[in-house]
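The report below describes a two-chain model, chain by chain and then by selected sites. Please read it alongside the sequence and the coordinates.

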Amino acid sequence: MTVFEFYHPVVAISYVATVLAMTMCAVHPIVVLLSAFAAYVLTGLLAGKEALRRAILWQLGAVAFIALLNALFSGNGQTVLADLGGLRITLEALVYGLTLGLLLVGLIQWFSVFSRLVGEGDIFALLAGRLPTMTLALTMTMRLVPLMAKRAQAIAAVQHANQPAANGFVATVRGRARQISVLMGWSMEESLESADSMRARYWGFWRKRGMRRTSYRSRRMRPRDVAALLLLVALVVLCALTLPQALAGWTFYPHLGPLGLKAGYVAFFLLLAYPAFLVLPMRGLLS
Amino acid sequence: MSEGTPKAIELRDVSFRYVGVEGPVLRDITWSVDEGEFVVVTGNSGSGKSTLLRCLKPEIAPAGELSGEIAIGGALLSEETSQLVGFVAQNPMSQTVCDEVSDELAFGMENRGADPHEIRRRMAEVSLYFGLEPLLHKKTNELSGGELQLVALSSVLICTPHILLLDEPTSELDPVAAHNFCHALFRLNRELGMTIVIATHQSELYRSYATSWAHLDEGELRVPSCGPQLDVGKLSEFSFDEERLDMERLAKPPHGGAQNTPRSRSNDHGGLERSPRGIGSQRACNVVARDLWFRYGKGAPWVLRGLDAQFDEGSITALMGGNGCGKTTFLQMVAGILKPQHGKVKNALQTQQAYLPQSPQALFTADRVDDELCEWMGDGLHGQKASSRVRRNTLRGQRDTFPQREEINEILRRFGLENLRARHPYDLSGGQMQLLALAKVLLRRPQLLLLDEPTHSLDSPSRERLAELLHEERKHGCTIVMATHDGEFARAVSDHVALLFDGSFACMQETEEYFASTFLTVEKSR
């Protein structure tokens, strides 16, 4: 249960989209750090400690790898930390690498948060009226991928049980090829029946009548949803006014620019903390 | 058309011919269905039942030449009147489109551009009527066949049809689910007055629900001349008796009695000679399972818990038990597909086994029925090599010179598939597909035959022919283990019945003894 479930899905989608856009535009250590930190906090809240631990483990490795790579091969920057026989490792290159790495894993983590905040059903509901065919293709894919995987297993099992003598590379390859062709045949056959079932339930009817396909999931905007969106807009405006100033003085090369405490960081922090504002009127429901 | 209240469905001189096929599938059918009737259309596989039903729903009408007049509720069939007709097909899996149950339910109404509030309201009503709330937010892939078919029915009902057409809706379901589904239809018919037309070979199942019957034979429709009351006597000639297996014809030879007539196959199947055993000698147990424990993943419930079993050579054992009790799991374990987490399966016949899965589609690799049967033949059990050779042979158009063609012809004839040899396996009806799959595993001449629901979607004549063939295999020393819901078939065919319950066998008895001591099976009362 997340707080966003009390609001129209547009609220969650707008929030994540805004954060993603701002993080991508601002290659700045503090902004990137704040953004990644928020993504991890949300992951911990949404998916639990175990998922957070696993995410952090591989992502720390990835950040370290990117930072090291940049430090070894960039060569820019003035503050030399070590000189490995002509290979200069500079503080600036290391910081730039760390920032880039953190930006990358932060974005990945935001996408993971996004998928937890916004169910595919919400997206389908928003798209259904406009892109009915694509929406249906998506929902069918969600169903068919695990189904086909299960079937592929069943086919392999049948071939194995009836022809246990398949040894050697050529036989294995031939066996696999046959399994794939069986799976294709089966799925195509089934798709014909699915198509009939769709037609029998009036697929395409809306087009003939010049109407829009509807979605039972579509939700009405309540005043609460509008208020939440207005708050988001306000925070974005605040960021837009203050962040450029904070970013303006910053440079990576040749020297790291001055960091200092700027109003822009606070504004960005408030934007990240947006879910907390949403919780306030819903406290009773979440406890 | 006629005076008084209009008929729900009315056909006048309707004939239908498929594109490129000679001879009509439906011939001059004049037929009507009253409002509120529960009609069961019977007929053998390929008699045109599906075609007839599909002709009543223009969206899915087959491509071909239709003549005559069809009226729904007194008005000629059109896009408008078609909305009064709902259609449910056979396979619950393939008629499902969406990932989540609620989306599946809403699908038809969304396509018609209905108001979301209206859709939700109808969804609520249909969920209430069938008790679907617990399923609403589940994934359709996670439902059982019975649940999924009920969802399919509900997703049609939500478009508020007046007439429901159902094409073999219960033949993919286990008996309990089939009865539940029937009951759902019964309620729609009697409580809401919905007109229901079912094409099926399971006429027995609908016996107490049907208000009238029709029989299709070679495209001609016969309607028994009986009143609104069901006249069992008049109908029995084509509807009820064919459901029952002819027990006398299938009378089993005594255990091991015919083993002195082994099939001489040494010339065409190297190394497949079976050793007949003298009557009374100790039977070998080539398949033994000891203390099997199995579950699908950590934390999942145990499917098998400490199961022990052994199967005599040359015997037929029927594994019975409810849905999800582990019959398939156990068969796959014997076949070596699954490994137990504890315990051991000793299967000395693993290289000479054949396994029929629940979905025949998993077996089909060829483009033609006869090529399908060739695949595992040639040098018999070493199919890998043989199949490539067969493929080359068939590619050169040497289908008719294939050495085992006699054997293939024989089994095609016995299963009534000889006229379909050039068809694509997927162009067969559900029952014919199952027969082809059975023929394919039987032609391997296995020493161990593992069958998962062998009578699934078979009509009665086919079940009888299958019973004969299984008895022949048994005579030649083949050990047969079949998981089945079909108690009648188990009773007619098997030597032993094993009842799988709660992870192990609740009993494993001789068939006669088992059926004599059951107290809640339908087969008991016959």
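Helices, of at least four residues, and strands, of at least two, are taken here as DSSP runs and numbered from the N terminus. The model is predicted. By that count, chain A holds twelve helices and two strands. Their order from the N terminus is α-α-α-β-β-α-α-α-α-α-α-α-α-α. Chain A has a radius of gyration of 26 Å, whereas the globule rule gives 19 Å for 287 residues, so chain A is more spread out than a compact globule. Along the principal axes, its C-alpha atoms fill a box of roughly 70 × 60 × 40 Å. Of the 287 residues in chain A, 32% are buried. When contacts between residues at least 6 apart in sequence are considered, 70% of those in chain A join residues at least 24 apart.

**Domains**

Chain A is split into domain 1, made of 3–123 + 220–286, and domain 2, covering 146–208. The centres of these two domains of chain A, taken over C-alpha atoms, are 43 Å apart. Chain B is assigned domain 1 (9–243), domain 2 (247–349 + 447–526) and domain 3 (365–442). Within chain B, five residues of domain 1 are in contact with four residues of domain 3. The domain 1 side of that contact has no nonpolar residues, four polar ones and one charged one.

**Contact between the chains**

Across the interface, 46 residues of chain A are in contact with 52 residues of chain B. On the chain A side, helix 6 (132–162), helix 7 (169–200) and helix 8 (205–208) each supply at least two residues. Helix 7 of chain A gives the most to this side, with 15 residues. By class, the chain A side consists of 23 nonpolar, twelve polar and eleven charged residues.

**Helix 2 of chain A**

Helix 2 of chain A spans residues 29–47. With 19 residues, helix 2 reaches 26 Å from its first C-alpha to its last, close to the 27 Å expected at 1.5 Å a residue. Which residues of helix 2 of chain A are buried? They are A:Ile30, A:Val31, A:Val32, A:Leu34, A:Ser35, A:Ala36, A:Ala38, A:Ala39, A:Leu42 and A:Thr43. The cover over the buried residues of helix 2 includes helix 1 (9–25), helix 3 (49–74), helix 4 (91–117) and helix 10 (263–272) of chain A. Just after helix 2, A:Gly48 has a positive phi of about 95°.

In soluble globular proteins, nonpolar side chains tend to be buried together. The largest nonpolar core in the model has 75 residues, and B:Leu319, B:Val334, B:Ala439 and B:Leu450 have the most contacts inside it. Helix 13 of chain B, residues 430–442, gives the most to this core, with eight residues. Leaving aside residues up to four places away in sequence, B:Leu319 touches B:Lys327, B:Phe330, B:Val481, B:Met482, B:Ala483, B:Ala498 and B:Leu500. A second, separate core has 73 residues, among them A:Met198, B:Leu26, B:Val40 and B:Met194.

**Backbone features in loops**

| Residue | Phi |
|---|---|
| B:Glu453 | near 50° |
| B:Asp502 | near 55° |

B:Glu453 sits in the loop between strand 16 (448–452) and helix 14 (460–475) of chain B. Is B:Glu453 buried or exposed? B:Glu453 counts as buried because it has 22 C-beta neighbours inside 10 Å, and 20 or more are enough for that class. B:Asp502 lies in the loop between strand 18 (496–501) and strand 19 (504–510) of chain B. B:Asp502 counts as partly exposed, because it has 13 C-beta neighbours inside 10 Å.

Another loop of chain B, between strand 13 (316–320) and helix 9 (327–334), holds B:Gly322. This glycine, B:Gly322, is partly exposed, with 15 other C-beta atoms within 10 Å. B:Gly322 and B:Pro175 are 147 residues apart along the chain, and their C-alpha atoms are separated by 9.3 Å.

In chain A, the peptide bond from A:Tyr253 to A:Pro254 is cis, with omega near -5°. A:Pro254 is in the loop between helix 9 (223–248) and helix 10 of chain A.

Notes:
Residues numbered from 1 in each chain as written. Chains lettered and ligands numbered in written order. Predicted model: local features only at pLDDT ≥ 70, side-chain atom pairs only at ≥ 80, totals over all residues. Contact = placed C-beta atoms within 7 Å. Nonpolar A, V, L, I, M, F, W, Y, C, P; charged D, E, K, R; others polar. Domains from an automatic or database assignment. Rg over C-alpha atoms; globule rule 2.2 N^0.38 Å. Buried ≥ 20, exposed ≤ 12 C-beta atoms within 10 Å, placed from the backbone. Expected span 1.5 Å × (residues − 1). Core = buried A, V, L, I, M, F, W, Y, C linked by C-beta atoms within 7 Å.
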